[in-house]
Amino acid sequence: MASVDLELGRPLSAAAAAAYPPPLRRSINDDDVDDDGKPKRTGTEWTASAHIVTAVVGSGVLSLAWSTAQLGWVAGPATLVVFAVITYYTSVLLADCYRAGGDQVSGKRNYTYMDAVESYLGGRQVWFCGLCQYVNLVGTAIGYTITASISAAAVYKSNCFHKNGHSADCRVFTTSYMVVFGVVQVFFSQLQSLHEVAWLSVLAAVMSFSYSAIAVGLSLAQTISDVDLSHKIWQALQALGNIAFAYSYSLVLIEIQDTIRSPPAESKTMRKANALAMPVITAFYTLCGCLGYAAFGNAAPGNMLTGFGFYDPYWLVGLANACIFVHLVGAYQVMSQPVFTAVESWASSRWPRCGFFVTGGGGTRLISVNAFRLAWRTAYVVACTAVAAVVPFFNDVLGLLGAVGFWPLTVYFPVEMYIRRRKLERSSKRWVALQSLNAVCFVVTLASAVASVQGIAESMAHYVPFKSKL
C-alpha cells in the first residue's frame, strides 16, 4: 500500500506522511498509483489535444478579424502562420524537457513548468518563470471573465435587436454577467486537479469549434453579400499581441503533459497531440481572421461575435455566444488549476499538521469538501471577477496578456532549456539561430506590451468602474 496526498496528487515523503492528519493521508491500492506514487495517469494524445484546443482556441480567436485588419492581407495571414510555426516548434522543445536527464521514459518527471526550469536552468530563472507563468495564468482568468460576460450580454442584445430593431438601445451592464460567471467558476473550481477536468476540456473544445465555425460561416456570408498613421501603428502592434495570445498554451503545456500515461514516452505522445491540434487550430484561425477581414474590411470589430457586425440570424449569433460562455468555463479551469495546485502544495507543506487542510466526509472523487480549498479557490475567483469588472477592455487586455506570456514562456525558456539539455556550443549555427529567434520575439513582445498599455490607458480615460455597458 502507498501513502499518497490525494488532495494534491503528489507522493508523500516519510516525514510528511507521518505529519499529515489521518483524514488527509489515505492508503490506496498499488494498482491505483504509478511508479512515482502519484495517481495513475490515463491521458492520451486525444485528451491532451482536447486540453490544448481548450487552452488555445479561446477568446483570442474572436479578435483575429480585427488583428488581420490592422496588419493587412499580406502581413495578417503571414503573421498567423509564423506564430503557429514558432509555437509548434517551441512546444516540441518544451515537451522534451518533461523528464530531466537523457532518458525520456525513466528520467525524473517534472510535474510543472517551474520544475522543468529548475531541473535545467535553476537559480533566479525559476523565480522569473514562476512570475511570468502565474501572472499570465491569473491574467488569462481575468481575460476569460471579461470575454464570458461580453458574450453573455451579447445573447441578450441579439434578442433585443431582433425584437426592437437594429437601431434600438440594447446596451446592458456587463458586471452582472461577470458575477454569474464567477459563481459558476466557484463551483467548478472545487474539481481536484487538471487530471479530473478532461471531460470539461472535451466539452469546451466542442464549444470552441462550434462558435469558430459559426463565425467563419457568418463572415463568409457577409463577404459574399456584400485614422491617422500613429494610431494605425499602435493598433498593428496590439494586433501582434492578440495573435500571440491566441496561440498561447506553453504556460500549461507541462501540466497537460503530466496527465499523459506512460509508456510510451510522454514527449512522444505530446508531439502527436501538438501535431493533431496545431494544424486544425491554424486553419480555423486563418479562416476567422481572413474571412472576418474580408467581410468588414478596416471596420472589423474587436470581437467578431459581440461587436455586432452580425445581427442575423439572431438565434445563430446567440447560440455562438452561448458556446463561448460554456467554452470559457472549461478554459478557465485549464488555466486556473495550476495556480490552485501551486498554492495548495505550498500551504500544505508549510503547515502539514493544520486541520484546515483536512478533507471532510462529504467529498467525492471529483469534488471534495476541504476548508482551505473552498476558501482559497473562492477568494481567487472573486478577486479575478472584481479585477475584470474594473478593467473590461477586451482587445487591450488580450494584447497585454499575449505580450506578457509569449516571449518568456513560449520562446525564451523552451529555447534556453533545449540549449542546456543538448549542450549546444556558443556560436554554433543552431545556437545562433535559436538566440536570433529569442531576440526577435523579445522585440515583438516589448512593442506589443507597450502598445497594449497605451490602449488600456486610453480606454481608462473615459471609463467609470463597474459601469461598463456593451
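**Exercise 1.** In this predicted model, α6 passes α11 in a right-handed crossing. Describe the contact that goes with this crossing and classify the angle between α6 and α11.

*Solution.* 
Step 1. List the residues on each side. Helix α6 contributes Phe 181, Val 184, Gln 185 and Phe 188, and α11 contributes Phe 325, Leu 328, Val 329, Tyr 332, Gln 333 and Gln 337.
Step 2. The contact of α6 with α11 has seven nonpolar residues, three polar ones and no charged ones.
Step 3. Take the geometry. The axes of α6 (residues 175-188) and α11 (residues 314-350) come within 10 Å and cross at roughly 50°.
Step 4. Classify. Angles under 35 degrees count as roughly parallel and those of 65 to 115 as roughly perpendicular; α6 and α11 are therefore oblique to each other.

**Exercise 2.** Determine how α2 and α10 are oriented to each other, and which residues make their contact.

*Solution.* 
Step 1. Helix α2 (residues 45-56) packs against helix α10 (residues 266-296) at an angle of about 40°, and their axes are 8 Å apart.
Step 2. The two helices, α2 and α10, are therefore oblique to each other.
Step 3. The crossing of α2 over α10 is right-handed.
Step 4. From α2, the contact residues are Glu 45, Trp 46, Ala 48, Ser 49, Ile 52, Val 53 and Val 56; from α10, they are Thr 269, Met 270, Lys 272, Ala 273, Asn 274, Leu 276, Ala 277, Ile 281 and Tyr 285.

**Exercise 3.** Compare the span of helix α14 with the expected value, and name its buried residues.

*Solution.* 
Step 1. Helix α14 (residues 429-460) has 32 residues; at 1.5 Å a residue, 46 Å is expected.
Step 2. From first C-alpha to last, α14 reaches 47 Å, close to that expectation.
Step 3. The buried residues of α14 are Trp 431, Leu 434, Asn 438, Cys 441, Thr 445, Ser 448, Ala 449, Ala 451, Ser 452, Gly 455 and Ile 456.
Step 4. For reading such a list, recall that an α-helix has 3.6 residues a turn, so residues three or four places apart point the same way.

**Exercise 4.** Which phi values do Lys 423 and Ser 427 have, and are these residues buried or exposed?

*Solution.* 
Step 1. Lys 423 is a residue other than glycine with a positive phi, near 55°. Ser 427, also not glycine, has a positive phi near 75°.
Step 2. Lys 423 lies in the loop between α13 (394-422) and α14, and Ser 427 is found in the loop between α13 and α14.
Step 3. The cut-off for exposed is over 50% relative accessible area. Lys 423, at 70%, is exposed, and Ser 427, at 62%, is exposed.

Technical notes. Residues numbered from 1 in each chain as written. Predicted model: local features only at pLDDT ≥ 70, side-chain atom pairs only at ≥ 80, totals over all residues. Heavy atoms only, no water. Axes fitted to C-alpha atoms, helices over the stretch in contact; angles between N-to-C directions. Helix = DSSP H or I, 4+ residues; strand = E, 2+ residues; numbered from the N terminus. Parallel < 35°, antiparallel > 145°, perpendicular 65-115°, else oblique. Left-handed = near helix turned anticlockwise from the far one by under 90°. Contact = heavy atoms within 4.5 Å. Nonpolar A, V, L, I, M, F, W, Y, C, P; charged D, E, K, R; others polar. Expected span 1.5 Å × (residues − 1). Buried < 20%, exposed > 50% of the residue type's maximum accessible area, 1.4 Å probe, protein only.
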